[in-house]
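Please keep the 3D view open and follow the points in order.

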Amino acid sequence: MQVVNNVTEFTFLGLSQDPRMQLIFFALFLLFYIVIIVGNLFILLTVFSDPRLQTPMYFFLSNLSFVDIAYSSATAPKMIEDFVSEKKTISYWGCVTQMFTFHFFGCAEIFVLTVMAFDRYAAICQPLRYTTIMSANACIVLASLSWLGALGHSFFQTLLTFQLPFCNARVIDHYFCDVHPVLKLACADTTLVNMLVIANSGLISLGCFLILLASYTVILFSLRKRSAKSRHKALSTCGSHLTVVTFFFVPCIFIYLRPSTTFPLDKAVSVFYTTITPMLNPLIYTLRNEGVKNAMKQLWSRKFSLKEKFKG
């Protein structure tokens, strides 16, 4: 890592330079982060506490909730702290760590969402073989491959970026260490690295998104022959998943499937998939998923009954 030379820290420009806007953003994003943590922890607690939710679908939903907590935690705490800090700095190795964890959990979310689509395809299009296709071992293998694939992606992405020399430029026009804003600071030719970043991040996002769209197209065609009740139940579950997929993948494709150029819109788009989508996931799945709603109602009723028992 001798190419690091004299750069020991970077400075973020953040979302805004206006002190009043920074205070508003501080309150707003602190609220968002609390909702992310509480909402996703509640889903994890609900899934693990209800035996009826010990199915492949909810196994991957719990994976998604864990990923959302870790993924948002890679950027949100530092961003929230910077809103009330005079110096918005991060050390060189802090930047490396943030980029690695952000891409690790971000890519894990992409793969988990893709596996969840496969699970819905198997449940709806192959109902007689579903328990065989999505056995406990198969679920563990698919989840493990998702995490290992994300680890490989993140390691490659971070190594590509930080093997470049950074001379005197230290100001990152962003609120966290992402590939394109950091690459702009490198004092070397980044053409090859840009192409590899597109091939790595951009094509993973696009490829998984196309697989998801193909899965849902097949599912929709298969639903034409089902009863109205079966269609409604399947569409309710798939609708939740498709909403999450759209909110997450479209901004990712916009950011990563293009050369290393930055636009003023990039920071707003990044906020959407780093903070807004992890916050919406628990709401989407609880509001549109009858299984989770019923389990949460029972969890709350047990909690209140225990309170009444202790009071009595």
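**Notes on the predicted model**

1. Let us begin at the start of a helix: Asp18 caps the N-terminal end of α1, with a side-chain oxygen 3.1 Å from the backbone nitrogen of Arg20. Please remember throughout that this is a predicted model.

2. Now follow α1 itself. Helix α1 covers residues 19-49, and at 1.5 Å a residue its 31 residues should span 45 Å; the end C-alpha atoms are 45 Å apart, which agrees. Among the buried residues of α1 are Phe25, Phe29, Phe32, Tyr33 and Ile36.

3. Next, step back to the whole chain. It has 11 helices and three strands, in the order β-α-α-α-β-α-α-α-β-α-α-α-α-α from the N terminus on. Of its 312 residues, 51% are buried. The chain exposes about 15100 Å², and carbon and sulfur atoms supply 70% of that area.

4. The unreviewed UniProt entry carries the annotation "transmembrane region" for several stretches, including residues 96-118 and 130-150. In the model, residues 96-118 are 100% helix, with end C-alpha atoms 33 Å apart. Residues 130-150 are 90% helix, and there the end C-alpha atoms are 26 Å apart.

5. How many salt bridges does the structure hold? There are three. One of them joins Asp82 and Lys78, with the closest N and O atoms 3.2 Å apart. These two residues are four apart in helix α3 (residues 76-83), which means they are separated by about one helical turn. Asp82 counts as buried because its relative accessibility is 4%, and Lys78 also counts as buried, at 16%.

6. Another salt bridge links the side chains of Arg120 and Asp119, at 2.9 Å from N to O. Arg120 is buried, with a relative accessible area of 12%, and Asp119 is buried at 2%.

7. Asp173 forms a salt bridge with Lys267, the closest N and O atoms being 3.1 Å apart. Asp173 lies in the loop between β3 and α7, while Lys267 is in helix α10, so the pair ties together parts that are 94 residues apart in sequence.

8. Finally, find Leu223 in the loop between α8 and α9. Leu223 is buried, with a relative accessible area of 3%.

Methods: Residues numbered from 1 in each chain as written. Predicted model: local features only at pLDDT ≥ 70, side-chain atom pairs only at ≥ 80, totals over all residues. Heavy atoms only, no water. Buried < 20%, exposed > 50% of the residue type's maximum accessible area, 1.4 Å probe, protein only. Areas by Shrake-Rupley, 256 points an atom, 1.4 Å probe, with all protein chains shown as cover. UniProt positions renumbered as here; feature names shortened; annotations may be inferred. Expected span 1.5 Å × (residues − 1). Polar contact = N/O pair within 3.5 Å; in protein donor to acceptor, adjacent residues only side chain to side chain. Salt bridge = Lys/Arg side-chain N within 4 Å of Asp/Glu carboxyl O.
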